[in-house]
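Please look over the sequence and the structure first.

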Amino acid sequence: MPQTRVYVPLDPAGVATLRHGGSIGPPPIPAHAVTSRQGRPGLTTDVEELEHAAWSAAAAAAGGRVSGHAPRVVASADVDSGDVVEVGGPEATEVRVRAPVALRDVVSFHVDEVPGGPDRDLLWFDVTELDDVLALVESRGPVTRRHP
């Protein structure tokens, strides 16, 4: 089956649920993805730009889920395209995932390097580093990590 890359904004409780329960849910799960509302890649826009817009919208949404001292977290996952439904929200990238997102579908995490403002860098973590991500969001301190 075809798959769609979705970007799921998470709060610390969502990260803990994923770690201890093995999935993000219950559905419908708010997420962001490349959608038909963004238009098609062409001469002025490529797939990477559309994906970056979806990822950026998820990072902004994650900021709305946490207090000023907790880092934003975005989980990137590849899910069955049939479970992804576009919604008519204010963001052209908004989707809902109609099934739990299993840990096996998550490919990476993006976590604030320094919590506390909208123009922060997000660090990339492999899915195998979920325990490190959980420790970071539970500590609520700055992330100290070398870039891969």
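Predicted model: local features only at pLDDT ≥ 70, side-chain atom pairs only at ≥ 80, totals over all residues.

Residues are numbered from 1 along each chain as its sequence is written, and side-chain values use heavy atoms, with hydrogens and water left out.

**Overall make-up**

- The protein contains three helices and nine strands; helices (H or I, at least four residues) and strands (E, at least two) are DSSP runs, numbered from the N terminus.
- Read from the N terminus, the order of elements is β-α-β-β-α-β-β-β-β-β-β-α.
- The protein has 148 residues, of which 43% count as buried; buried means under 20% relative accessible area, exposed over 50%, and partly exposed in between, with a 1.4 Å probe and protein chains only.
- Among contacts (heavy atoms within 4.5 Å) between residues at least 6 apart in sequence, 69% join residues at least 24 apart.

**Helix α3**

- Helix α3 spans residues 130–139, and its buried residues are Leu130, Val133, Leu134, Leu136 and Val137.
- Viewed down the axis of α3, these buried residues fall within an arc of 160 degrees, so they line one face of the helix; the arc is that of the directions from the helix axis to the C-beta atoms.
- The buried residues of α3 pack against α1 (12–21), β4 (73–80), β8 (106–112) and β9 (122–126).

- Pro12, Gly14, Val15, Ala16 and Leu18 are buried in α1.
- The cover over the buried residues of α1 includes β1, β2 (23–24), β4, β7 (101–102), β8 and α3.
- Just after α1, Gly22 has a positive phi of about 85 degrees.
- The axes of α1 and α3 come within 10 Å and cross at roughly 150 degrees; axes are lines fitted to C-alpha atoms, for helices over the stretch in contact, and angles run from 0 to 180 degrees between N-to-C directions.
- The helices α1 and α3 are therefore roughly antiparallel to each other, a term used for angles over 145 degrees.
- On the α1 side the contact is made by Pro12, Val15, Ala16, Leu18, Arg19 and His20, and on the α3 side by Leu130, Asp131, Val133, Leu134 and Val137.

**Salt bridges**

- Side chains of opposite charge can pair when their charged atoms come close.
- The count of salt bridges comes to three, a salt bridge being a side-chain nitrogen of Lys or Arg within 4 Å of a carboxyl oxygen of Asp or Glu.
- Asp78 forms a salt bridge with Arg5, with the closest N and O atoms 2.6 Å apart. Asp78 lies in strand β4 and Arg5 in strand β1 (residues 3–10), so the pair ties together parts that are 73 residues apart in sequence.
- Asp131 forms a salt bridge with Arg19, with the closest N and O atoms 2.3 Å apart. Asp131 belongs to helix α3 and Arg19 to helix α1, so this pair ties together parts that are 112 residues apart in sequence.
- Asp131 is partly exposed, at a relative accessible area of 44%, and Arg19 is partly exposed, at 34%.
- Arg72 forms a salt bridge with Asp112, with the closest N and O atoms 2.9 Å apart. Arg72 lies in the loop between α2 (47–63) and β4, and Asp112 in strand β8, so the pair ties together parts that are 40 residues apart in sequence.
- Arg72 is buried, with a relative accessible area of 6%, and Asp112 is buried, with 0%.

Notes
Parallel < 35°, antiparallel > 145°, perpendicular 65-115°, else oblique.
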